[in-house]
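Walk me through this structure, step by step. I am seeing it for the first time.

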Amino acid sequence: MNASRKMIAIPLFGDRVSPHFGASSRFLLVAAEKQAILYEKLLRLKESDSMKQARQLVNLGVEEIICGGIQARFKDWLMRQGVVVVDNQKGKVWEVLEELIGRSAQEDQGGQKHGETKKT
Amino acid sequence: MNKKPPKDKSSLPCRLLSLPPDHCCTIVESISEGVMTMDLEKKVTYLSPAAEAMTGFTAQEAVGQQCFDILRADVCAQRCPFDDLRLGREPQIDERISIIHKSGKQLPASISISPLKDEDCEMIGAVETFKDLSELEELRKQASRSFTDEDIVGRHPAMKEILSFLPDIAQSESSVLIEGPTGSGKELIARAIHQLSSRKTGPFVAVNCAALPETLLESELFGYAKGAFTGAMRNKAGRLSMANRGTLFLDEISSTSMAFQADLLRVLEDGEFTPLGGTRPLKTDFRVITATNLKLKILVKEGRIREDLYYRLNVARICLPPLRKRREDIPLLVEHFIRKFNALKGRSIQGITPEILSFLLAYPFPGNIRQLENIIEYAFITCKGRFIGMEHLSRELLDEAKEAGPRDDSPEEMEEADKIRTALEQHSESRPKTARALSMSRTTLWRKMKKYGLLQ
């Protein structure tokens, strides 16, 4: 598997990032590589409990979670499982995603700016 | 259904309007409930200081943002109070919610919402007031003893590690062995595991094996049939039956006899047991969590614990460090106990003085967290002000600390003192056994104990 490819999950609140992790069972799952989004899928988790959701995401192979508010204990647990948690995000999900992916790609390339983010 | 009488429009709003604007502002800003107003687009137009404290966002950060991105309550995604209001539903009053503070801390709260209207009675937004229910929640937990991992306080790496894998341990059905000195919070961990497990709706049955003589322990655990012994007038269900579909917590397992251990092992292996004097085996389904203040593995070597039972109990092991080894947690624990006793005793103590904090940070806490809790509880009796100071500590504690003398030990000496303390605990304070285990003479042990203030 490509090392630079990562699976990202974002809890949804309509078309926005959910402000409260665990309050929404809908997640946007994306596979991203550098600035490109290779794959996207809407996911509905059966679990409504925050811990169970976190566990299910880990079992699905999610490597990064972008969210609004997340309880510190769930964040700690996820990080312990090797999941990167980017919390305190707010706004439309694609805008947040594009900004974060763009930013991390720039960091990977030592600050050099790349082309537009592609959606598939 | 009875219709509510129309509101007297000349009542509260007009009374407020008759006040100068800065008075209204002072009133709103001084109330302890959080106040947030929003426009029709759900954008925040005002956030009171109490709301700033509850959400972690400043008014400057919040104004212009969507209300749900600031309040971050579970209710926002499920049943938005503002949407209800606009749809003409009954406004939500004191609805229980859970807020995620900017720092990630979860806060239980209640929320009420009212419409904001202009002079033509057109709705122009809403005002939400929310109340911090942390104290109430603390009381509920103390009453029901339903503690979760949220109630385990600790920033020490060892505690953070325990907390991080606690949910995984809880989810597995495995037996758990909790090792840690007296007062280090073993039962709290056991209760948290139960609450995090799929058995949380079942009972949590705790038995202190050291508190009961062997024969009584057997009858307590296994129950008995009518006529099993003199005084057994009727059948009595044991704790094993009571723990069915739940968790059985056996504290001080190291104090049990070999015969009891054999009986316990049989139950754990077969899920069946026969009450004393009974003829028919009963089935039970429980998860066992055991705790000990001694290292069970050493007791196995000494022949005091059956090896097969040890392996049966020690599927997942949690080792709790003594408080003296996690001093960075002392301020957090102090804060936690002050919050707890404020809720339980209806007080509003704000904290402790720097002087007492330095004292506590240097104190060895032989009784661990339980002792710290007792110190704070005692101070609640003597302290009538807002801050707990040295004068509120018990004479006994101060004398004990003075006797031990000011400690200015080197890291090596602190290490040695810890080693002796642990060995003493391990050997039930027996000095000959401790001296043997540490390969030193009894006189040397006594001298070192005196040096480190370990003589009781």
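**Salt bridges, interface and cores**

At 46% relative accessibility, Arg89(B) counts as partly exposed. The model is a predicted one. Arg89(B) and Asp84(B) also belong to a network of salt bridges, which links them with Arg79(B).

Now turn to Glu137(B). Its salt bridge is with Arg96(B), and the closest N and O atoms are 3.6 Å apart. Glu137(B) lies in helix H8 (residues 134-144) of chain B and Arg96(B) in strand S3 of chain B, so the pair ties together parts that are 41 residues apart in sequence. Glu137(B) has a relative accessibility of 17%, so Glu137(B) counts as buried. Over all chains, the count comes to 28 salt bridges.

Next, a pair that crosses between chains. Asp69(B) forms a salt bridge with Arg16(A), and the closest N and O atoms are 2.9 Å apart. Asp69(B) lies in helix H5 of chain B and Arg16(A) in strand S2 (residues 16-17) of chain A, so this pair joins two chains. Both ends are buried. Asp69(B) has a relative accessible area of 3%. Arg16(A) is at 18%. Side chains of opposite charge can pair when their charged atoms come close.

Step back to the whole interface. Here 26 residues of chain B are in contact with 22 residues of chain A. The area buried between the chains is about 2100 Å², and carbon and sulfur atoms give 55% of this area. Two salt bridges are found across the interface. The chains also share 12 residue pairs in polar contact. On chain B, helix H5 (67-71), helix H6 (74-78), strand S3 (95-100) and helix H9 (157-171) each supply at least two residues of the side that touches chain A. H9(B) gives the largest share, six residues. That side of chain B divides into eight nonpolar, nine polar and nine charged residues.

Last, look inside chain B. The largest nonpolar core has 29 residues, of which Phe359(B), Leu360(B), Leu372(B), Ile376(B) and Ile388(B) touch the most other members. Helices H16 (330-345), H17 (354-362), H18 (368-382) and H19 (395-404) of chain B each supply at least two residues of this core. The largest share, seven residues, comes from H16(B). A second, separate core has 28 residues, including Phe222(B), Leu248(B), Phe286(B) and Leu309(B).

How values were computed:
Residues numbered from 1 in each chain as written. Chains lettered and ligands numbered in written order. Predicted model: local features only at pLDDT ≥ 70, side-chain atom pairs only at ≥ 80, totals over all residues. Heavy atoms only, no water. Core = buried A, V, L, I, M, F, W, Y, C linked by side-chain atoms within 4.5 Å. Buried < 20%, exposed > 50% of the residue type's maximum accessible area, 1.4 Å probe, protein only. Helix = DSSP H or I, 4+ residues; strand = E, 2+ residues; numbered from the N terminus. Contact = heavy atoms within 4.5 Å. Buried area = accessible area lost by both parts, 1.4 Å probe. Salt bridge = Lys/Arg side-chain N within 4 Å of Asp/Glu carboxyl O. Polar contact = N/O pair within 3.5 Å; in protein donor to acceptor, adjacent residues only side chain to side chain. Nonpolar A, V, L, I, M, F, W, Y, C, P; charged D, E, K, R; others polar.
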